[in-house]
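Welcome! Take a moment to turn the model around on your screen, and then let us walk through it together.

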Amino acid sequence: MQENHRVQKNVGNQDEYTGRPGQDREHTLVIEGRNAVLEAFRSGRTIDKLFVLDGCQDGPVRTIIREAKKHGAILNFVGKERLAQLSQTGRHQGVIAYAAAYDYAEVEDMLKLAEERGEDPFLILLDGIEDPHNLGAIIRTANIAGAHGVIIPKRRAVGLTATVAKTSAGALNYTPVAKVTNLAKTMEELKEKGIWFVCADMDGEEMYSLDLTGPIGLVIGNEGEGVSRLVKETCDFTAGIPMKGEINSLNASVAGGVLAYEIVRQRLQKAR
């Protein structure tokens, strides 16, 4: 029983991906110890990232690594000093897992929610959003705009952390968020269900000239690089936001809010 070390606390101001202090990011749940981490995987809890002592290859650790790969967790092999820095108990036994602060939904749950409301599906997909404040703000906008859910990728993107929950101002309790392995593939599957996609792009067609009604997925890209090539190619349209100032870009959450409410405006206008 001494292997079962589960600690539920904030990591303070450590970066949720590197564990280094001084960053405004945090995880709510840190799981330490071989039995605790293995049971977390087997119970279905979403593990965002796993740290394993480099060179440790005994049976239990190999089993944990297999579970991590099977569930799509980000796997990192690190040295003793790094594990000691990340550990909250000092009894990590060579494995530390970062779990999501909130449970994820399934994409199908969002489609069912739209059906229950008697509405065309309205989904927001985020391609590589790394700032937890941006993610939280977009989830908040999604809730207020009546979107049925937010879809994020498993890799190279922030997950549902305590900072995201706080920034969402409670919206995370009401808005489903799904995490998928391949965003473009998920979009293709949703296209088969009648949903079409528009992505934000400063070189796109002016949003006011596009028909944004019907079943729709709004794609917002990374804060710096925008929507990735493959995801952009999977979209049906690109929408540009008119800009009159001296700079030519918007914060990702602001761009998402502007386009989300153009969708809301057009839906309201069509319903009249």
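## A pair in helix H9

Arg 265 and Glu 262 sit three residues apart in helix H9, so about one helical turn separates them. The two form a salt bridge, and their closest N and O atoms are 2.6 Å apart.

Is Glu 262 buried or exposed? With a relative accessible area of 4%, Glu 262 is buried, because anything under 20% counts as such. Arg 265 has 36% relative accessibility and therefore counts as partly exposed.

## The protein as a whole

Before going further, please keep in mind that this is a predicted model. The protein has 272 residues, and 52% of them count as buried. Its chain contains nine helices and 11 strands.

The protein exposes about 13,500 Å², and carbon and sulfur atoms supply 45% of that area. Now think about which parts of the chain touch each other. Among contacts with a separation of 6 or more, 77% are between residues 24 or more positions apart.

## More salt bridges

Lys 70 counts as exposed because its relative accessibility is 60%, whereas Glu 67 is buried, with a relative accessible area of 11%.

Lys 191 and Asp 236 also meet in a salt bridge through their side chains (3.6 Å, N to O). Lys 191 lies in helix H7 (residues 183-191) and Asp 236 in the loop between helix H8 (229-234) and S11, so this pair ties together parts that are 45 residues apart in sequence. Both partners are partly exposed: Lys 191 has a relative accessible area of 27%, and Asp 236 has one of 36%.

Let us look at strand S8 (residues 177-180). Which way do its side chains point? Val 177 and Lys 179 point one way, Ala 178 and Val 180 point the other way, and all are buried. Strand S7 (residues 149-153) runs parallel to S8, and four bridges join the two. Across this pairing, Val 150 stands opposite Val 177 in S8.

To get from S7 to S8, the chain passes through helix H6 (residues 162-167), and this β-α-β crossover is right-handed.

Which residues of helix H1 (residues 34-42) are buried? They are Arg 34, Ala 36, Val 37, Leu 38, Ala 40 and Phe 41. After H1 comes Gly 44, which has a positive phi, near 95°.

In helix H5 (residues 132-144) you can find Arg 140. With a relative accessible area of 42%, Arg 140 is partly exposed. What does Arg 140 contact, once its neighbours within four places in sequence are left aside? The partners are Thr 167, Ser 168, Ala 169 and Ala 171. For Thr 167, the C-alpha atoms are 7.9 Å from those of Arg 140 in space, although the two are 27 residues apart in sequence.

Finally, return to the region ahead of H9. The loop between strand S11 (237-240) and helix H9 (252-271) holds Met 243, and Asn 251 lies in the loop between S11 and H9 too. Met 243 counts as partly exposed because its relative accessibility is 32%, and Asn 251 is partly exposed with a relative accessible area of 38%. The C-alpha atoms of Asn 251 and Glu 223 are separated by 6.7 Å, and these residues are 28 apart along the chain.

Met 243 also takes part in a nonpolar patch on the surface, together with Met 202, Leu 250 and Val 254. Together the four residues have about 330 Å² of accessible area.

Terms used
Residues numbered from 1 in each chain as written. Predicted model: local features only at pLDDT ≥ 70, side-chain atom pairs only at ≥ 80, totals over all residues. Heavy atoms only, no water. Patch = residues over 30% accessible without salt bridge, like charges linked within 9 Å, V, L, I, M, F, W, Y side chains within 5 Å. Areas by Shrake-Rupley, 256 points an atom, 1.4 Å probe, with all protein chains shown as cover. Buried < 20%, exposed > 50% of the residue type's maximum accessible area, 1.4 Å probe, protein only. Pairing = 2+ DSSP bridges. Right-handed = clockwise from strand over helix to strand, strands pointing away. Contact = heavy atoms within 4.5 Å.
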